[in-house]
Amino acid sequence: MGRFSPSNSSVPKLQATAGIQSDMVSVTATADGTGTGVIPAGASIVGVLSDNQHKIVMLPTYNAGDIIILSVAGQCELQTPIAASVTTINTTDMDDGSAAVKELQLDAGGIYKCVAIGQNPSNNKLQWMVSEFSSNDGTVGTGGTPQDV
């Protein structure tokens, strides 16, 4: 399978007849979201542990198209790493280009889907959409609105 380029109309794909499974990785929220609080690049299913609602887990470096499922065992906050472009979650600016200004509360027992939907062409912001799945019936709701740090 070759690399895709604009001059190559053959888009690479992964095809399987029996399905593809990804191993779960675990992260543990920390006071500043570093170390064990960073969701690894390439992770798609993540167990989130936390012993304090004010501790932080950090999304990985932005990569458009990433889809990450979070299974949250203890309430904590979700932040984005500081990048050259401002990053948003559910259209709310998460940073000012140099420091975190917002964080999204993750509830204990919650299942969240984080999708890196691409860079907004009108303002160059990196966009994440976060949805929450109800543990009772699987209905999908908004992941919430990020609040001040």
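A residue is taken as buried when its relative accessible area is under 20%. In this predicted model, Cys 76 has a relative accessibility of 0% and therefore counts as buried. Cys 114 is likewise assigned 0% relative accessibility and counts as buried. A disulfide would require two cysteine sulfur atoms within 2.5 Å, and the count of disulfides is zero. For Cys 76, the nearest cysteine sulfur is that of Cys 114, at 11 Å. Cys 114 is accordingly in no disulfide either, its nearest cysteine sulfur being that of Cys 76.

Cys 76 also takes part in strand pairing, standing opposite Leu 106 in strand 8. Strand 5 (residues 76-79) and strand 8 (residues 102-106) run antiparallel and are joined by three bridges. Both strands belong to an open sheet of four strands, ordered 3-5-8-12, with mixed pairing. Strand 3 and strand 12 (147-148) form the edges of this sheet, each pairing on one side only.

Three salt bridges were found in a search of the whole structure. In one of them, the side chains of Lys 102 and Asp 148 meet at an N to O distance of 2.7 Å. This pair links distant parts of the chain, with Lys 102 in strand 8 and Asp 148 in strand 12, 46 residues apart. Lys 102 is partly exposed, at a relative accessible area of 22%, whereas Asp 148 is exposed, at 55% relative accessibility.

A salt bridge is also formed between Asp 93 and Lys 125, with 2.9 Å from N to O. Asp 93 is located in strand 7 and Lys 125 in the loop between strand 9 (111-119) and strand 10, so the contact ties together parts that are 32 residues apart in sequence. The relative accessibility of Asp 93 is 29%, and the residue counts as partly exposed. The remaining salt bridge joins Lys 55 to Asp 51, whose closest N and O atoms are 2.9 Å apart. Of these two residues, Lys 55 is partly exposed at 25% relative accessibility, and Asp 51 is exposed at 64%.

Both partners of the Asp 93 and Lys 125 salt bridge are in contact with Thr 88. When residues up to four places away in sequence are left out, Thr 88 also touches Met 94, Leu 126, Gln 127 and Trp 128. Thr 88 lies in strand 6 and is buried, with a relative accessible area of 5%. The C-alpha atom of Thr 88 is separated by 20 Å from that of Val 140, a residue 52 positions apart along the chain.

Trp 128, one of the contacts of Thr 88, also belongs to the one aromatic pair found in the whole structure. The ring centres of Tyr 62 and Trp 128 are 5.7 Å apart and the ring planes meet at 85°, so the arrangement is edge-to-face. Tyr 62 is in the loop between strand 3 (56-58) and strand 4 (67-72), and Trp 128 is in strand 10 (residues 126-133), 66 residues apart. Both Tyr 62 and Trp 128 are buried.

Most residues other than glycine have a negative phi. Asn 90, however, has a positive phi, near 50°, and Thr 91 also has a positive value, near 70°. Asn 90 is placed in the loop between strand 6 (87-89) and strand 7 (92-93), and Thr 91 lies in the loop between strand 6 and strand 7 as well. Asn 90 is buried, at 15% relative accessibility, while Thr 91 is exposed, with a relative accessible area of 65%.

How values were computed. Residues numbered from 1 in each chain as written. Predicted model: local features only at pLDDT ≥ 70, side-chain atom pairs only at ≥ 80, totals over all residues. Heavy atoms only, no water. Phe/Tyr/Trp six-rings, centres within 6.5 Å; stacked < 30°, edge-to-face > 60°. Helix = DSSP H or I, 4+ residues; strand = E, 2+ residues; numbered from the N terminus. Buried < 20%, exposed > 50% of the residue type's maximum accessible area, 1.4 Å probe, protein only. Contact = heavy atoms within 4.5 Å. Pairing = 2+ DSSP bridges. Salt bridge = Lys/Arg side-chain N within 4 Å of Asp/Glu carboxyl O.
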